[in-house]
Amino acid sequence: MRKLRAFCFRLLGLFRGRRADDDFAAELESHITLHTDAGIRAGLTAEEARRQALIHLGGVEQTQQAHRERRSLPWLDSLLQDTQYGLRTLRRSPGFTITAVSTLAVGIGACTAIFSLVNAVLIRSLPYGEPQRLVYLFTPNPRLPVPVEVMTPSYADFFDIKRQGHSFANMSAFEQATFHLAMDGSVERVSAARVDENFFETLESTPEIGRSIGADDNQPGHSRVAVISHALWHSIFADRADVLEHSLTLEGVRYRIVGVMPPEFAYPSSSDLPYGNASVKATHIWIPLALTPKQKAEREPGSDEVIARLRPGISVSKAQSEMSTIMVRLDQLHSGDFGRGWGAFVENFMDNAVGPVRPLMWLLLGAVLLVLLIACGNAASLLLARAANRMRELGMRVALGAGRGRIIRQLLTESLLIGVAAGVLGIGLAYVFLHILLDLDPGDIPRLNEASLDTRVLLFTVSVSLLTSVLAGILPALTVARVSLNGFLTSGGGGAVAGTHSRSQNALIVVEAALVVVLLAGAGLFIRSYLNVESVTTGFSPSTVTMNVGLDERYGTPQQQGAFFRNLIGKLGALPGIDAVGAVNYLPLSHSESLGFFWVDGFANQKDQMAEGRLVTPQYFRAMNIPLVAGRFFAEDDASSPARPTIINQQFAKEYFADRNPIGGRISTDEKDHSHWSTVIGVVTDVRHLTLEEAPQPQMYSPGYELGAAYIAVRTMRPPSAVASEIQRTLKSIDPNLARGDVHTMGDLMSEATARRRFQTTLLGVFAAIALLLALVGLYGLMTYSVSCRTRELGIRMALGAQRTDVTLLVLRKAGFLLGSGLVLGLACTWIATRTIKAFLFGVDAHDPATILSVCVLLAVCGFLAALIPARRAASIDPMQALRTE
Amino acid sequence: MGEKTDVWQGTLALMVLRTLETLGPLHGYGLARRIEQTSGDVLQLNYGTLYPALLRLEQEGFIRSRWGVSENNRKAKYYELTKAGQRQVKKAAAEWEQTTAILARFLTPAGEA
């Protein structure tokens with residue numbers, strides 16, 4: 001306590017040095033006077049008395065020094081001195097300061113922006129209690145050609161696992177749903193989930209208002225309650241406190257609101273579920289699942305999802321082995337169409353939610369750290385050059401008695417000042433960068449849009465700034481400190497140190513060039529991959545306008561559905577400027593898929609062979625501009641004929657009609673009666689369905705209008721925006737109670753499908769460009785500096801008969817040597833580094849020679865240009881003037 | 001070297017506080033003389049070392065200072081105990097007595113123990 005009080009006084013003492021000095025001088029003077037008086041009284045002469053007083057005191061200067069040190073904090077005092085001195089010297093050379101600070105600021109800013117993304121996606125905690133204990137349960141069946149995470153436990157299996165499993169503290173089943181939400185006059189489609197009584201408990205999330213959905217709500221007859229999201233509370237109820245006295249109308253049924261979730265809770269969203277509804281960005285309504293006894297006994301897998309919370313201390317592998325054992329028993333109870341063979345798969349929730357994007361985030365952070373390293377190298381090189389220019393001053397200070405440690409401390413203080421300034425500027429830049437990044441947000445990286453400069457990010461920036469300034473400053477400081485006083489005095493200036501300095505600087509440039517090669521090669525491969533994806537044959541026209549239409553419970557029968565779509569398509573086709581209108585149940589790139597079993601007549605059918613199946617209206621192919629390869633398109637009659645024909649794609653024809661004409665061939669999709677044939681009447685080109693990067697699968701199309709939810713496809717020459725409003729108006733004129741669907745062109749969906757690639761390619765490209773620019777600035781600076789150091793030598797060479805071209809070549813040769821070494825080192829690193837990004841590439845080899853070659857050429861050309869200016873300056877040296885310098 | 005100073009400073013601080021307690025406000029020179037006299041002129045104090053010690057006591061809040069006029073009309077800075085200082089004298093004196101008492105047991109001839 002007393003110590004703290006004293007410390008505060010000493011801290012204050014830093015700022016009132018002069019006044020306190022005067023005060024103490026007066027006190028000492030008074031002390032001496034009093035002592036002298038006493039001496040005189042004892043009979044001494046005035047001079048003798050004063051002399052005795054001074055001797056007794058032990059020296060005025062020493063006493064004042066001791067007093068001063070006690071008055072304030074000496075180490076802080078000298079730090080302040082260093083800082084003041086550093087600021088002065090930095091102000092004296094603004095060119096150097098601005099270059100060093102801005103170089104580092106760009107690096108730090110970019111690093112901070114990327115780290116804020118990593119922070120939002122990977123580090124910041126999720127709005128669920130202990131998310132690392134959450135797992136998804138799947139029941140994969142190796143007989144079905146679908147990914148492991150598609151098959152989820154049936155309700156009967158779910159309840160059995162829940163009863164028999166001991167690894168799980170809690171377990172919940174839920175289903176995703178989309179509801180028509182009626183709000184004064186208009187109808188909106190809202191993402192929702194039907195959840196059982198353990199849903200919120202398993203996630204350990206609680207409502208901010210009211211209660212969550214409990215066991216009573218899941219009893220038949222009590223299930224008309226809903227929990228809503230914070231966003232919905234805000235948009236519909238304007239944050240009103242009496243929200244719990246209101247209700248919602250979903251699909252014509254009223255639900256009483258019992259709770260409101262906090263703003264960060266929107267589970268499940270598309271990135272939370274491996275094969276959930278991909279168009280769900282956030283869930284807004286939760287209602288009871290309320291299973292009937294019949295549903296509870298259903299053994300066949302449905303569309304539910306199962307999430308569970310592991311007991312503390314139970315590992316995923318332990319839960320996996322327990323669930324496997326249980327599933328071996330339960331598999332015996334399966335007797336449906338899919339047969340047996342059901343297994344168990346337990347997957348960590350976090351791995352599932354952020355696992356797929358983790359490599360990308362680390363890749364971006366790694367790339368931006370390379371940029372920062374290059375910036376650091378530049379700053380170090382600048383500091384080295386500057387230290388060489390200051391050798392005279394520093395040598396003088398050593399000669400006057402400054403300790404080596406003191407000189408190092410001084411230089412490090414200066415680089416710290418640069419680092420701090422760069423950090424402050426970098427945070428400003430990061431703010432700008434982050435805004436640009438969020439505009440580039442591909443939309444499929446979980447929580448990327450929540451990135452912000454929070455405390456953790458700022459802490460990261462501060463540490464990075466300090467680290468970079470020490471990293472950049474330590475090499476120059478040590479180099480200077482190594483130089484002996486003797487060397488300095490005998491060489492008469494900077495000459496003695498130029499050797500060691502330029503060696504360090506050369507090494508820095510070589511390393512920078514190598515890093516740039518790695519980044520350029522990575523960016524090159526990404527760009528080539530992106531171009532490859534952009535140029536794949538999609539199989540459909542990007543200008544087709546599409547809209548999703550979901551019919552509600554009022555359209556219960558196939559007849560009603562068929563009538564609706566015939567009516568809608570007929571009316572749309574009558575609009576001016578429309579070429580063709582069709583509808584399909586699974587539109588390409590709409591994140592939905594339907595696989596079905598089939599049997600081909602005259603083919604050695606495998607058990608469980610599956611293909612993508614589509615129900616389309618006859619004009620669909622013309623509306624999507626999917627070309628016909630053989631046979632004919634569907635006619636209107638085909639959609640109503642009892643024996644509906646089939647159209648297949650080229651891939652289907654290739655695999656199942658290898659050496660025969662598919663037209664007239666027969667296919668059955670009837671699981672009960674395989675001889676219920678449908679005739680193939682046409683072959684169309686392949687269509688990329690789920691992603692642009694996956695090769696087309698066998699596809700089969702059936703004609704019909706009986707669609708519950710479908711995408712309308714409209715082919716027109718008119719601008720899509722004009723058509724969009726007409727389509728929506730037409731829909732409203734037929735049924736004003738249907739929700740407006742989103743209108744997109746197929747081009748929009750393609751753009752959405754390539755958004756992730758565009759994001760990563762843009763970022764890596766920008767990083768590589770910044771890195772190249774920084775390295776060129778570094779090279780230019782070094783060559784300029786080395787020419788200015790060698791002015792005298794070059795002058796002598798020219799005086800002795802060297803031609804101007806010789807001198808130019810001399811400089812260029814040195815630059816070439818440095819770049820060449822960097823290139824070789826960089827290519828070696830690239831060979832290793834690009835192997836790690838193999839998974840990000842599409843249609844291009846990780847060691848693609850064309851990319852590597854372009855990188856080499858690019859670096860050589862840019863390097864040549866950067867070195868040309870100093871080389872020409874060297875050539876224009878006047879020998880007479882050069883010899884007279886110094 | 002540091003340790004020695006600490007011990008010395010500790011004892012010097014106690015001497016200063018104790019002197020101020022018995023004699024009331026004193027200026028630096030007066031204090032120095034008084035300490036020498038009290039020690040029976042055994043302690044040869046370098047007067048200069050007294051001032052950092054006084055500054056420290058002041059920073060710690062045990063004493064305070066103000067400018068005044070001496071008995072023979074000279075300007076001088078006077079130091080006096082604060083309330084905290086008065087408590088500190090008692091505490092430090094008690095501690096010191098205990099320390100010396102313990103040390104005394106070690107230093108008395110073995111036969112008497």
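Me: A nonpolar core is a set of buried Ala, Val, Leu, Ile, Met, Phe, Trp, Tyr and Cys residues joined through C-beta atoms within 7 Å. How many residues has the largest nonpolar core?

Reply: This is a predicted model, where local features need pLDDT of at least 70, side-chain atom pairs need 80 or more, and totals for chains, interfaces and linings use all residues. Residues count from 1 along each chain, with chains lettered from A and ligands numbered from 1 as written. Buried asks for 20 or more other C-beta atoms within 10 Å of a residue's own, C-beta atoms being placed from the backbone. A:Ala226, A:Ala513, A:Val516, A:Leu519 and A:Ala771 have the most contacts inside the largest core, and its size is 164 residues.

Me: Which helix gives the largest share of this core?

Reply: A helix is a DSSP run of H or I, at least four residues long, and a strand is a run of E, at least two, both numbered from the N terminus. Chain A has 28 helices and 22 strands to look through. With 18 residues in the core, the largest share comes from the helix spanning residues 358–389 of chain A, helix H13.

Me: How many residues are in the other core?

Reply: Look for a core apart from the largest one, with A:Leu572, A:Ile626, A:Phe652 and A:Leu738 among its members. Its size is 59 residues.

Me: What share of the residues of chain A is buried?

Reply: The C-alpha atoms of chain A fill a box of roughly 135 × 80 × 55 Å along the principal axes. Of the 886 residues of this chain, the buried share is 40%.

Me: Among contacts in chain A between residues at least 6 apart in sequence, what share joins residues at least 24 apart?

Reply: Contact means C-beta atoms, placed from the backbone, within 7 Å. For an example, leave aside neighbours within four places in sequence: A:Ala226 then touches A:Leu248, A:Tyr255, A:Ile257, A:Val258, A:Ile285, A:Trp286 and A:Ile287. For the whole of chain A, the share asked for is 81%.

Me: Which part of chain B gives the most to the side that touches chain A?

Reply: Here 19 residues of chain B are in contact with 22 residues of chain A. Helix H2 (28–38), helix H3 (47–59) and S3 of chain B each supply at least two residues of chain B's side. The most, seven residues, comes from H3(B).

Me: In S3(B), which residue is the bridge partner of B:Ser65?

Reply: Strands pair if DSSP finds at least two bridges between them. S2(B) and S3 (residues 75–81) of chain B pair in the antiparallel sense over seven bridges, within an open three-stranded sheet ordered S1-S3-S2. In S3(B), the partner of B:Ser65 is B:Tyr79.

Key. Buried ≥ 20, exposed ≤ 12 C-beta atoms within 10 Å, placed from the backbone. Contact = placed C-beta atoms within 7 Å.
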